[in-house]
Amino acid sequence: MPKHGVILVGAGDMGGQHARAWSKVGEEIAAIVDLDGERAHKLAEQYGVKRTFSDYRQAIAELSNAELVDVAVPLVEHLPVTVEAARHGKHVLCEKPIARDLREVDQMEEAIDRAGVKFAVGFQRNLPPGVAFLRDEVAKGRFGRPLLFTVDGMAEVRPKRFMHDQENNNGPVVDLLGHYFLLWETVFGSKPVHISADGFVAAANRPEIAHFAHKAVDTAVVTVRYASGDVGSMSVSWGLAAKSRVPTGPERLAGPEAVAVMGEYRDFSWESITIYRGEGQHYEKLPEAPAFVLQAQAFLDYLEGRRTEPPSGIAEGRHLLRLSLAALESIQSGKTIVL
Ligand SMILES: NC(=O)c1ccc[n+]([C@@H]2O[C@H](COP(=O)([O-])OP(=O)(O)OC[C@H]3O[C@@H](n4cnc5c(N)ncnc54)[C@H](O)[C@@H]3O)[C@@H](O)[C@H]2O)c1
């Protein structure tokens with residue numbers, strides 16, 4: 001199979017994950033781009049990539065044979081890099097969240113449609129087999145109904161400060177929650193009907209983020225009700241004191257008949273799921289399934305026509321962002337938002 005050639009924009013954490021995934025699926029990385037030249041070079045060396053750039057516009061214009069641009073930069077850059085790639089006729093795999101607001105999503109969609117290129121947004125966590133396993137068990141009625149899916153995450157102020165900037169990744173409600181909205185919707189097999197949330201900026205007075213004029217909500221409890229009657233709930237804080245290492249509770253799915261407790265993540269994929277049913281306990285060991293490798297393969301399958309839809313496309317990206325924005329609106333207004 002001929003290689004498409006990937007221009008990987010961003011050589012940070014996600015850039016590293018994506019580079020590994022492209023190499024695992026046998027795809028060629030034509031160039032790595034990062035404002036930080038040293039980062040770009042280091043990653044390029046690791047994966048035998050010949051070209052590095054500091055300016056994605058230059059890389060996209062120069063590498064006319066590369067068919068695909070992989071967007072692994074902070075959120076503020078998702079729109080401009082996507083539009084530039086589409087303008088040059090290149091397909092786009094873009095990290096999540098899709099964009100900062102719905103207007104930006106519209107602009108991305110317009111550029112993609114006009115160019116006739118393919119686009120996917122990177123909600124890789126939904127691809128490993130544990131999610132399908134849980135969805136199928138729910139559909140077979142193994143847990144009873146209604147269901148409650150609970151998740152929590154507590155962390156120090158993020159070392160990547162841009163996560164706390166309202167003008168950029170906009171805190172966990174925007175940056176992180178999309179993964180869970182998609183997970184809940186998949187497992188419940190149902191659409192959200194309303195969302196309520198409360199929250200605040202716990203790190204409002206922290207010197208590390210004093211330079212941001214508009215600090216993102218970093219601490220929240222978000223609850224989503226689905227048409228099925230099921231509920232998903234997350235409590236999250238990215239506002240703890242520096243160096244805090246607080247154990248995170250396991251993700252749990254509880255129904256009247258049984259409860260599933262998810263094991264640790266390995267490569268963004270659950271290692272196991274334990275199901276408690278009365279006195280009984282069933283331990284389901286899940287196969288190793290690095291989520292970013294599944295995502296890279298799914299995107300190639302989409303490009304090459306082996307699947308008709310991307311793993312997550314524009315519509316899904318918009319839908320998940322809309323839920324995050326509704327959660328922020330609920331925090332601001334103190335009201336439940338009907339979807
Ligand atoms: N899918 C997931 O599970 C997941 C997890 C973490 C982050 N993300 C998303 O991935 C994106 C990147 O996050 P990260 O954790 O890799 O951040 P990071 O800070 O580790 O890396 C970002 C890199 O982008 C570079 N960069 C910034 N602006 C640039 C520009 N204009 N041109 C070229 N390079 C530029 C930075 O120098 C940095 O090296 C974010 O949008 C984030 O939301 C997704």
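1. Let's start with the two helices. In this predicted model, helix 8 and helix 10 have axes that come within 9 Å and cross at roughly 110°. Angles of 65 to 115 degrees count as roughly perpendicular, so helix 8 is roughly perpendicular to helix 10.

2. Who touches whom here? On the helix 8 side, the contact is made by Leu 177, Gly 178, Phe 181, Leu 182 and Glu 185. Facing them from helix 10 are Glu 316, His 319, Leu 320, Leu 323 and Ser 324. By class, the residues of this contact split into five nonpolar, three polar and two charged.

3. Both helices also sit on strands. Helix 8, spanning residues 177-188, lies across strand 7 (148-156), strand 8 (192-200), strand 9, strand 10 and strand 11 (252-254). Its direction is at about 25° to strand 9. Helix 10 (residues 314-333) lies across strand 8, strand 9 and strand 17, and runs at about 50° to strand 8.

4. Nine strands make up an open sheet with mixed pairing, and the order to trace is 16-15-12-11-7-10-9-8-17. At the edges you'll find strand 16 (280-285) and strand 17 (337-338), each pairing on one side only.

Notes. Residues are numbered from 1 along each chain as its sequence is written. This is a predicted model: local features need pLDDT of at least 70, side-chain atom pairs count only at pLDDT 80 or more; totals for chains, interfaces and linings use all residues. Side-chain values use heavy atoms; hydrogens and water are left out. Two strands pair if DSSP finds at least two bridges between them. Helices (H or I, at least four residues) and strands (E, at least two) are DSSP runs, numbered from the N terminus. Contact means heavy atoms within 4.5 Å. Axes are lines fitted to C-alpha atoms, for helices over the stretch in contact, and angles run from 0 to 180 degrees between N-to-C directions. Angles under 35 degrees count as roughly parallel, over 145 as roughly antiparallel, 65 to 115 as roughly perpendicular and the rest as oblique. Ala, Val, Leu, Ile, Met, Phe, Trp, Tyr, Cys and Pro count as nonpolar, Asp, Glu, Lys and Arg as charged, and the others, Gly among them, as polar.
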